[in-house]
Amino acid sequence: MSNLTTDNPVALQALMDETIFGNGFDFQSELPTYPMQEESNAHVQAVVQTSSEMKDTSYVAVGIGEAQQAVPSQVVSGSHAVNHLEVLGGEFIYQGNKEQGILFILRYEQYPYFSPAALDAFEKTIGALKLTKETVAVLNLANSHNPNDFKRIMQFFQPTKIILLGVEPASLKLPFIEHNSYMKGRIATVFNTFSFEEMFVDVNKKKLFWNEFKTFIVS
């Protein structure tokens, strides 16, 4: 990968001033996979989903060689769906927890966060690195409540690691970042990669993502 530098004043200001971008991460050897933490019993008991609904959501996650069926993030109770991980109110509506400083940014028009298949892939992928939905933050920019403003995102979430899943950096007024490359700033590092839907149909994209993502998370 080539180094990325910018003198874009908007991007520099958005990353809290005096930010210098570049890469320099060394690739690491293949990491062992770790089992995901189980959903709480209360969540599991509340899930109502037939096998016919789940038949199209199995996916071999990037870097993981075992296929499993998807478990939805929403718990279905009667005709109402409740996302127990969603944080409502405030400047942003998001899912999960921002305390660890890991923020996934995506743009799904048809879903609150992920499509069912993408959710399955997401859980397995972060699970291989000892992360769960409860320990990372997920922000959907397609939600009309959420500002598409990188400076406000930085101020609210205060992340140290940001993953753009199929979100064009230009849409946040960031400089161009190649896929599976980084912009390393003084406050946070932005990792730009494909959406899970793009990776589903291209094995090479999955491999490229996994090789960089595992290095990015453990660094």
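This is a predicted model: local features need pLDDT of at least 70, side-chain atom pairs count only at pLDDT 80 or more; totals for chains, interfaces and linings use all residues.
Residues are numbered from 1 along each chain as its sequence is written, and side-chain values use heavy atoms, without hydrogens and water. Local features need pLDDT of at least 70, side-chain atom pairs count only at pLDDT 80 or more, and totals for chains, interfaces and linings use all residues.

**Exercise 1. Find which residues have the most contacts inside the largest nonpolar core.**

Step 1. A nonpolar core is a set of buried Ala, Val, Leu, Ile, Met, Phe, Trp, Tyr and Cys residues joined through side-chain atoms within 4.5 Å. Buried means under 20% relative accessible area, with a 1.4 Å probe and protein chains only.

Step 2. The largest core has 29 residues. F104, F114, F122, I163, F196, F213 and I217 have the most contacts inside it.

Step 3. At least two residues of this core come from each of β5 (102-106), α4 (116-127), β7 (161-165), α6 (196-200) and α7 (203-218). Helices (H or I, at least four residues) and strands (E, at least two) are DSSP runs, numbered from the N terminus.

Step 4. Another core, of 20 residues, lies apart from it; L103, I105, F157 and A188 are among its residues.

**Exercise 2. Check the length of α4 and describe its surroundings.**

Step 1. The expected span is 1.5 Å times one less than the number of residues. The 12 residues of α4 should therefore span 16 Å, and its end C-alpha atoms are 16 Å apart, which agrees.

Step 2. Of these 12 residues, 11 are buried. They include L119, F122 and I126.

Step 3. The buried residues pack against β5, β6 (137-140), α6 and α7.

**Exercise 3. Describe how β8 and β9 are joined and paired.**

Step 1. Strands pair if DSSP finds at least two bridges between them. β8 (residues 181-184) and β9 (residues 189-193) have four, in the antiparallel sense.

Step 2. K184 has T189 of β9 as its bridge partner. A hairpin of four residues joins the two strands.

**Exercise 4. Classify the ring pair of Y94 and F157.**

Step 1. Rings of Phe, Tyr and Trp (its six-membered ring) pair if their centres lie within 6.5 Å; planes under 30 degrees apart count as stacked, over 60 as edge-to-face and the rest as tilted.

Step 2. The centres here are 5.0 Å apart and the planes stand at 75°, so the pair is edge-to-face.

Step 3. Y94 belongs to strand β4 (residues 94-96) and F157 to helix α5 (residues 150-157), 63 residues apart.

Step 4. Y94 is buried at 7% relative accessible area; F157 is buried at 3%.

Notes:
Buried means under 20% relative accessible area, exposed over 50%, partly exposed in between (1.4 Å probe, protein chains only). Contact means heavy atoms within 4.5 Å.
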